[in-house]
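Biologist: Could you take me through this structure one part at a time? I would like to begin with a loop.

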Amino acid sequence: MNFHSAILLLNAISAATGFAAVSSVRAAAVLGPRSASSLAGTATVENEAVHRSLLAARIANDQNKHNSNGKRAGKDAPPVNIGWDSHEAVDQAPDSLVRPGDGPDGNYPMRSKFEQMLRQAQISITDSIAKIDGGATFQEDCWTRANGGGGMSRVLKDGKVFEKAGVNLSVVYGSMPQEALQAATERGVDRAKGMAPGERVPFFACGLSCVMHPRNPYCPTMHFNYRYFETDGGVWWFGGGTDITPSYLNLDDMKHFHGTYKEVCDRHDPEFYPKFKAWADRYFVINHRNETRGLGGIFFDDLNDRDPEQLFAFAKDAVNSVVPAYGPIIEAHKDDPFTQREKDWQQMRRGRYVEFNLVYDRGTVFGLKTGGRIESILMSLPETARWEYDHHPEEGSPEAEIMECFKHAREWV
């Protein structure tokens with residue numbers, strides 16, 4: 001998507017949700033000259049990876065045109081776009097959103113176990129965050145779909161500590177064109193393997209996603225997502241990660257956050273942290289700004305290089321480390337004094353958060369393209385944000401200090 005198209009999308013969604021009417025949103029952001037930095041090559045690497053994946057998909061399809069073998073989507077397979085209104089609100093979610101005995105090609109035990117693990121994590125995380133906030137509680141909405149799946153959203157708003165915090169569980173049965181599935185991977189994984197050429201690919205996806213936006217500018221925003229995918233062709237993979245987006249740099253905070261996730265990774269594979277930390281630095285780049293959304297963490301996708309039980313254990317460990325990694329930072333800074341100037345800077349960084357989520361974030365784009373539940377998809381957006389025309393931090397200021405970190409990736413542990 002080019003920048004012009006992205007801005008049109010951002011404006012359209014903002015208008016539809018009333019986001020642009022927030023009083024603290026001011027002038028629209030415009031592109032300035034791209035500065036020379038270590039991130040210049042990062043955006044190029046990301047774009048080249050997408051192009052390589054698209055090319056690989058097209059070549060694979062061309063090679064298979066003469067071969068009519070392969071599985072075809074069943075008559076009961078869901079459409080490419082599930083439909084914005086395909087979900088039905090329910091008072092209480094069923095014990096499981098995974099279809100009983102799902103198969104025959106699917107790994108039903110893993111689908112069910114992953115969903116139950118995420119349900120437990122959702123409850124544990126929201127309970128802990130509500131205690132830290134001390135003012136508001138999480139409201140839960142549940143929904144199901146006739147073809148299977150559904151979800152549970154837990155959202156806290158207008159709290160003492162958090163302006164908005166949400167944790168969404170989603171189980172999706174859908175289908176996607178083969179090129180769309182393959183272009184979404186960095187490693188060129190053949191997600192359409194086993195399917196007939198040109199046939200849309202039915203898939204299963206289960207994930208838990210979260211974004212937390214605190215009030216205090218010295219409390220960072222935090223995001224995580226952990227997910228498990230399968231296709232009817234028999235391909236499966238894990239993805240996810242946890243990342244942090246501060247408005248002001250605190251070295252002790254970054255050492256704690258990254259150190260916690262390094263310990264998590266090291267318990268499963270010493271190569272995970274350096275690999276997934278670098279992956280996060282590449283992924284969370286706002287290409288049209290030539291800067292990162294935040295200060296990273298870990299990010300991985302298409303992970304299927306070992307026994308699925310081992311990867312399940314890693315994902316479980318990682319999602320259950322969210323509160324130990326993030327909670328102490330919020331506790332340490334939730335009562336820090338701040339000025340209006342510092343609040344304005346936080347709001348401008350939130351504007352960058354909006355830009356990334358609506359233009360580049362895979363989960364957001366995936367949800368919009370497949371007709372996901374819009375309130376859950378856009379839950380990640382802050383309630384307020386700010387854009388100032390051609391704003392540049394004052395040289396030598398704390399704002400300029402952290403901008404250097406957004407421009408040049410650093411090692412924290």
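Biologist: Where is Asn290 found?

Modeller: This is a predicted model. In the model, Asn290 lies in the loop between strand 8 (285-286) and strand 9 (291-292).

Biologist: Is that residue, Asn290, buried or exposed?

Modeller: Asn290 counts as buried, because its relative accessibility is 0% and the cut-off for buried is under 20%.

Biologist: And what is its phi, for Asn290?

Modeller: Phi of Asn290 is near 60°, which is a positive value in a residue other than glycine. Asp302 also has a positive phi, near 55°, and it too is a residue other than glycine.

Biologist: Where is the place of Asp302, then?

Modeller: Asp302 belongs to strand 10. With a relative accessibility of 0%, Asp302 counts as buried.

Biologist: How many residues of strand 10 are buried?

Modeller: In strand 10 (residues 297-303), 7 of the 7 residues are buried, so the strand is mostly covered.

Biologist: Which way do strand 7 and strand 10 run, and how many bridges join them?

Modeller: Strand 7 (residues 236-245) and strand 10 run antiparallel, and 5 bridges join them. Within this part of the model, Asp243 stands opposite Gly297 in strand 10.

Biologist: Changing topic: what span should helix 6 have?

Modeller: Helix 6 (residues 272-283) has 12 residues, and at 1.5 Å a residue it should span 16 Å. Its end C-alpha atoms are 16 Å apart, which agrees with that expectation.

Biologist: Which residues of helix 6 are buried?

Modeller: The buried residues in helix 6 are Phe272, Tyr273, Phe276, Lys277, Trp279, Ala280, Asp281 and Tyr283.

Biologist: Another loop, please. Where is Glu199 found?

Modeller: Glu199 is in the loop between helix 4 (178-183) and strand 5 (201-214). Its relative accessibility is 15%, so Glu199 counts as buried. The C-alpha atoms of Glu199 and Pro177 are separated by 7.1 Å, although these residues are 22 apart along the chain.

Biologist: Finally, the whole chain. How many helices and strands are there?

Modeller: The protein chain has 12 helices and 10 strands. Of its 413 residues, 55% count as buried.

Biologist: What about the contacts and the accessible surface of the protein chain?

Modeller: Among contacts between residues at least 6 apart in sequence, 75% join residues at least 24 apart. The accessible surface comes to about 18,200 Å², and 52% of it belongs to carbon and sulfur atoms.

Definitions and conventions:
Residues numbered from 1 in each chain as written. Predicted model: local features only at pLDDT ≥ 70, side-chain atom pairs only at ≥ 80, totals over all residues. Heavy atoms only, no water. Helix = DSSP H or I, 4+ residues; strand = E, 2+ residues; numbered from the N terminus. Expected span 1.5 Å × (residues − 1). Buried < 20%, exposed > 50% of the residue type's maximum accessible area, 1.4 Å probe, protein only. Pairing = 2+ DSSP bridges. Contact = heavy atoms within 4.5 Å. Areas by Shrake-Rupley, 256 points an atom, 1.4 Å probe, with all protein chains shown as cover.
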